[in-house]
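Subject: Handing over a structure

Hi there,

Here is the structure I promised to pass on to you. Have a look at it first, and then read my notes below.

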Amino acid sequence: VAACATMIFGGRLRFKNPGAFIEVYHGTSHAGANSIRQNGIDITFTRPDTDFGQGFYTTTDRKQAEDWVRQRYGTGEVLTFRIPVAELHTLRTYSFRGASANWQDFVRSNRLGKGIPKQFLNFDAIEGRMLFKVKNFLAGAPPDARGHQITWYSDKALNILMRGLVR
C-alpha cells in the first residue's frame, strides 16, 4: 500500500483548470468488475463495518488498487474512472487529514457497526487514510493509518463515477 496518495477534495476541490479530469481506481474480482460494467455500482455489496462504512471504495493510487486485488482476490481487475473535475465540484465532499481525532471517531463508529456518524451523513463522498491493524486500534492502540481511500455514497456521486468508467 502506498504511503501517500493525492487527496482530491481537501474540503472542496481547488483545481485551476475546470476542464481537468482526475482518475480513481477500484480493485475487485473479475466477476465484480463485470457486474459493475453491466449493472452499475451497487453499494449493498460492501459490508457496513468497513473504515468508511457502506459505500463504493476507490483510490487515486493505482498501485494500491492493484495490491488490493492481489491480496484480496489473487487475480482480478482494477477499474479506472476518469471524472471531470467540474462534476466533482457539484458534490458535497469531506476530506480527513491524516489520522485526526475526527477520523478515528468516524472509523471506530463504522468498524464497530454503529454506522456513519450523523454529522457525516449528508456527504456524497468522503476521503482519507485506510486503517491497518484494525483489532489493535479497536482495542485501544494508536491507529496505523496509511494509503488513501475515497468512499462514494450517494446516487449522484455513483452516477458521476459510472459516466467516467473507462471501458
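Helices (H or I, at least four residues) and strands (E, at least two) are DSSP runs, numbered from the N terminus.

Before you go further, please note that this is a predicted model, where local features need pLDDT of at least 70, side-chain atom pairs count only at pLDDT 80 or more, and totals for chains, interfaces and linings use all residues. Residues are numbered from 1 along each chain as its sequence is written, and side-chain values use heavy atoms, with hydrogens and water left out.

Now to the sheet. It is open and mixed in its pairing, with 4 strands in the order β2-β6-β5-β4. At the edges are β2 (56-58) and β4 (93-95), each pairing on one side only. Two strands count as paired if DSSP finds at least two bridges between them. Strands β5 (residues 125-132) and β6 (residues 144-152) run antiparallel and are joined by 7 bridges; I126 has T151 in β6 as its bridge partner.

Helix α4 (residues 101-111) lies across β4, β5 and β6, at about 80° to β5. For such angles, axes are lines fitted to C-alpha atoms, for helices over the stretch in contact, and the angles run from 0 to 180 degrees between N-to-C directions.

The loop between α4 and β5 holds I116. Not counting residues up to four places away in sequence, I116 touches F52, F106, N110, L121 and Y153, where contact means heavy atoms within 4.5 Å.

For the protein as a whole, 46% of the 167 residues count as buried. Among contacts between residues at least 6 apart in sequence, 79% join residues at least 24 apart.

Happy exploring, and do write back with any questions!

Best wishes

Key
Buried < 20%, exposed > 50% of the residue type's maximum accessible area, 1.4 Å probe, protein only.
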